[in-house]
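User: I have a protein model open and would like to learn how to read it. Could you take me through the features one by one?

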Amino acid sequence: MTRAGRAIPASRAGIRNALEQLNLSTTQKLLEKCLGLSLSDQYWICPAGSGIEWS
């Protein structure tokens, strides 16, 4: 599955308001901003060369 398939659906209640508050244009941008962190998934997105680690 692609990362795009992991984004919050644009039809989710309140998502437009959240995107506006965060100054983001799409739910895909939100996914990227939060590194794909999700309470229901077992992975996250770690940008190459970022130096961040899961701990």
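Analyst: Here is a short walk through the fold, a pocket and a few residues. This is a predicted model, so local features need pLDDT of at least 70 and side-chain atom pairs count only at pLDDT 80 or more, while totals for chains, interfaces and linings use all residues. Residues are numbered from 1 along each chain as its sequence is written, and side-chain values use heavy atoms, with hydrogens and water left out.

User: How many helices and strands are there in the protein?

Analyst: Helices (H or I, at least four residues) and strands (E, at least two) are DSSP runs, numbered from the N terminus. Here you get two helices and zero strands. The C-alpha trace spans about 30 × 20 × 20 Å along its principal axes.

User: How do I read burial, and what share of the residues is buried?

Analyst: Buried means under 20% relative accessible area, exposed over 50%, and partly exposed in between (1.4 Å probe, protein chains only). In this protein, 18% of the 55 residues are buried. As for accessible surface (Shrake-Rupley method, 1.4 Å probe; for residues, only the protein chains shown count as cover), the total is about 4,500 Å², and 54% of that belongs to carbon and sulfur atoms.

User: What is a pocket, and which residues line the largest pocket?

Analyst: Work on a 1 Å grid over the protein atoms alone: a pocket is an open set of points where a 1.4 Å probe fits, with protein on both sides within 12 Å along at least five of seven lines, and lining residues have an atom within 4 Å of a point. The largest pocket is lined by Arg6, Ala7, Ile8, Thr27, Leu30, Leu31, Cys34, Gly36, Leu37, Ser38, Ser40 and Asp41. Its space is about 170 Å³, where a volume is the space filled by probe spheres set on the points, joined across faces, edges and corners.

User: How does that lining split by class?

Analyst: Ala, Val, Leu, Ile, Met, Phe, Trp, Tyr, Cys and Pro count as nonpolar, Asp, Glu, Lys and Arg as charged, and the others, Gly among them, as polar. That gives six nonpolar, four polar and two charged residues in the lining of the largest pocket.

User: Let's zoom in on Thr27. Is Thr27 buried or exposed?

Analyst: Thr27 has a relative accessible area of 11%, so it counts as buried. You'll find Thr27 in helix α2 (residues 27-33). Contact means heavy atoms within 4.5 Å. Beyond its neighbours within four places in sequence, Thr27 is in contact with Ala7, Ile8, Pro9, Ala10, Ile15 and Leu19. A polar atom of the Thr27 side chain also lies 3.0 Å from the backbone oxygen of Ile8.

User: Pro9 is on that list. Where is Pro9 found?

Analyst: Pro9 sits in the segment before α1 (15-21). With 38% relative accessibility, Pro9 is partly exposed. Its contacts, leaving aside neighbours within four places in sequence, are Ile15 and Thr27.

User: And which residues does Tyr43 touch?

Analyst: Not counting residues up to four places away in sequence, Tyr43 touches Arg6 and Gly36. Tyr43 belongs to the segment after α2 and is partly exposed at 37% relative accessible area.

User: What about backbone angles: what is the phi of Asn23?

Analyst: Asn23 has a positive phi of about 60 degrees, although it is not a glycine. Asn23 lies in the loop between α1 and α2 and is exposed, at 72% relative accessibility. Leu35 is not a glycine either, and has a positive phi of about 60 degrees. Leu35 is in the segment after α2 and is partly exposed at 22%.

Conventions
A polar contact is a pair of N or O atoms within 3.5 Å; within protein, one must be able to donate a hydrogen and the other to accept it, and residues adjacent in sequence count only if both atoms are side-chain atoms.
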